[in-house]
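Keep the structure in view as you read.

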Amino acid sequence: MMIAPKRFSDSELKEIFSQEYDSSTLCARAFDVRTRVYSNDVYLRGLIEFTNFCRNNCFYCGLRKENDSLSRYRLSKEQILDCCKKGYDLGYRTFVLQGGEDLFYDDEKIVDLVSSIKKDFPDCAVTLSIGEKSRESYAKYFDAGCDRFLLRHETADFMHYIKLHPKNQTFENRKKCLYDLKEIGYQVGSGFMVGSPFQTLDSIIADIHFLEDLEPQMIGIGPFIPHSKTPFGNFPAGNLELTVKLISVLRLEFPHALIPATTAVATLSKDGRIRALKAGANVVMPNLSPVETRKDYSLYDKKASTGSESSEGHKLLEKIIEDCGLKISVCRGDPK
């Protein structure tokens, strides 16, 4: 079913984002829209965190190059394929290879990983989330069979962007990467942190306008959660209430988008995932990575990686989803 997107004015958004605004009606509208488009289906993405090496020094991220307290690892091709096999047996038909910007994995290695997964699991989608690359590199991965690419823009406010990243990282290049991915033919995912240091309501509104222009097929947002070994270690975490409101706004603005209930919302609150699903989210990304490496994929402190956040907690996740009046769909979960 095709549903026309709702476009909120800046004044409407500021009212919604105020603390006094009761979001119950907004969430109900968003849940109704996601049900009309996607029925009661929730799509699974099997997350494989295959490397925690990164060349970058983003001020908010625990994987930053200068975090020398982190035990670094790389999964072998065989380990990655084993993770896919485990997920496939549980019904997963999308695998997300996520990692820092690790130069060890050159184009040849990424192409080999993608083509090997597609060969062994031809009915599955492969998603990459490995940061900024050249257009030529993105094209090679696409030609090898990669279906989707996740690259959060983090913030569309230029002045905010330079407060979150070192000088060698620019919003212009991040934006160029996203448009390159769209032009090549990927299903593209973008998104931003909620409550990151120095963020304002105007910054968030700029994020929404950027997404309106980009029109990604997937939109991932989650609350900022600090990591003690970063320059932002003493900043407060983002607000769950605001995050839930934003999920509903994004569902109404982008009725056909794939919107995850992220690990960050589940980390911030025990009922975070439930609230996100009831606000319009329709994707979950349980962790398929080897148990022994999960603690080292430390984007932020106390990141949830067990229970319903993991493949081992599949039954628990299934119950949580059913308690929301929804059900797990065993398919690739392409956007409608």
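**Rings and a helix**

Q: Why is Phe232 called buried?
A: Buried means under 20% relative accessible area, exposed means over 50%, and partly exposed lies in between (1.4 Å probe, protein chains only). Phe232 has 5%, so Phe232 is buried. This is a predicted model: local features need pLDDT of at least 70, side-chain atom pairs count only at pLDDT 80 or more, and totals for chains, interfaces and linings use all residues. Residues are numbered from 1 along each chain as its sequence is written, and side-chain values use heavy atoms, with hydrogens and water left out.

Q: What makes Phe59 partly exposed?
A: Its relative accessible area is 22%, so the label is partly exposed.

Q: Why is the pair of Phe59 and Phe232 called edge-to-face?
A: Rings of Phe, Tyr and Trp (its six-membered ring) pair if their centres lie within 6.5 Å; planes under 30 degrees apart are stacked, over 60 edge-to-face, the rest tilted. Here the centres are 6.0 Å apart and the planes at 75°, so the pair is edge-to-face. The two residues are 173 residues apart in the chain.

Q: Which residues of H7 are buried?
A: They are Phe171, Arg174, Cys177, Leu178, Asp180, Leu181 and Ile184.

Technical notes
Helices (H or I, at least four residues) and strands (E, at least two) are DSSP runs, numbered from the N terminus.
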